[in-house]
Amino acid sequence: VVHRNDVVFNYQPLAYILPSLVYLPLSSLVRQTGEQFINRNWVDAQPSSFIPLLTVYKLPMILADLAMLWLLPKFFKKDKNKKLVQLVWAFNPLAIFVSSIMGQMDIVIAFLLTLALYYFKEHKLFLSVVFISLSALIKPAGLILLPLVLIPEIRRQHYRQTILLGLAGLGTYIIGILPFIGSASYRYYALFAEQINKSTYAGISIASGTDIPFFFMAYLYILLLFWSKKISFKTAFGTALLSSLAFTHFHPQWLVWITPWLIIYSVKKHSFILYLATLVCWFG
């Protein structure tokens, strides 16, 4: 959001900090690209003159996309499955669209959440909650996953571990937003932005102006199923994320958050019906 010469940051901090680390060695190219578009010099320019510069802008997202080729095979033991999951991800149109065409940070969120899923599988719970919280420092949807990491520890009556995990997760998020919390613009455009509440718009009306959101009903049901061991952590992880999108009009790039989970699930089940059906619905 730009007002005259003032820039208002309308995303969470890591949405700017992570790309900046990649842009730093290429700062002159990034500045050159920005000036071309701000001054509208690209209107009469040949595509060949600005496409390489735009690629520099998209480089952080492309790197996150490529990093998934390293991460996804870690969920499998058989070489056949490792190669298959890499192949499916490499030709996944949703990830290509988000990282290389749109150039959106949602692909980085997908990478961080997949890292959290991997570290949970490896029983490294503190790393799992930290990466969930880091994803929330780009967009806060990942915060709904923190209770899922805590539930197994509560079931085992590891209350001290539960408290420490909760503090690690919330602490990472709070430390990340703390330097910006005093800014009214940050609170309005990023921390409490209207689009954050999109998942709660659809619901059952029980009185005038009072609704019970479908999202909370689905999310509570997922927590109960996971608590009673009717579903696995991996299933709860994916369906909880999906519940934040299923009851709302969402931006097309948001679906990439659950795409790694869908691919892992499909390869493990040796069935791609759910993955392909989701892609068809997305295209539709």
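## Basis

Residues are numbered from 1 along each chain as its sequence is written, and side-chain values use heavy atoms, with hydrogens and water left out. Because the model is predicted, local features need pLDDT of at least 70 and side-chain atom pairs count only at pLDDT 80 or more, while totals for chains, interfaces and linings use all residues.

## Salt bridges

A salt bridge is a side-chain nitrogen of Lys or Arg within 4 Å of a carboxyl oxygen of Asp or Glu. The count by this rule is three. In one of them, lysine 139 pairs with aspartate 106 at 3.0 Å, N to O. This pair links distant parts of the chain, 33 residues apart: lysine 139 is in the loop between α7 (125-136) and α8 (146-155), and aspartate 106 is in helix α6 (residues 106-121). Helices (H or I, at least four residues) and strands (E, at least two) are DSSP runs, numbered from the N terminus.

Buried means under 20% relative accessible area, exposed over 50%, and partly exposed in between (1.4 Å probe, protein chains only). Lysine 139 is buried at 11%, and aspartate 106 is buried at 0%. Glutamate 122 and lysine 121 also form a salt bridge, with 3.0 Å between the closest N and O atoms; glutamate 122 is partly exposed at 33%, as is lysine 121 at 33%. Glutamate 153 bridges to arginine 156 at 2.6 Å, N to O, and glutamate 153 is buried at 5%.

Contact means heavy atoms within 4.5 Å. Threonine 162, in helix α9 (residues 159-177), is buried at 11% relative accessibility. Beyond neighbours within four places in sequence, threonine 162 contacts Leu150, Glu153 and Ile154.

Alanine 240, in helix α12 (residues 233-246), has a relative accessible area of 0%. With residues up to four places away set aside, alanine 240 touches Ile144, Leu145, Leu148, Tyr219 and Ile222.

## Helices α13 and α14

The axes of α13 (residues 259-269) and α14 (residues 273-283) come within 8 Å and cross at roughly 145°. Axes are lines fitted to C-alpha atoms, for helices over the stretch in contact, with angles from 0 to 180 degrees between N-to-C directions. Thr259, Leu262, Ile263, Tyr265 and Ser266 of α13 meet Leu274, Tyr275 and Thr278 of α14.
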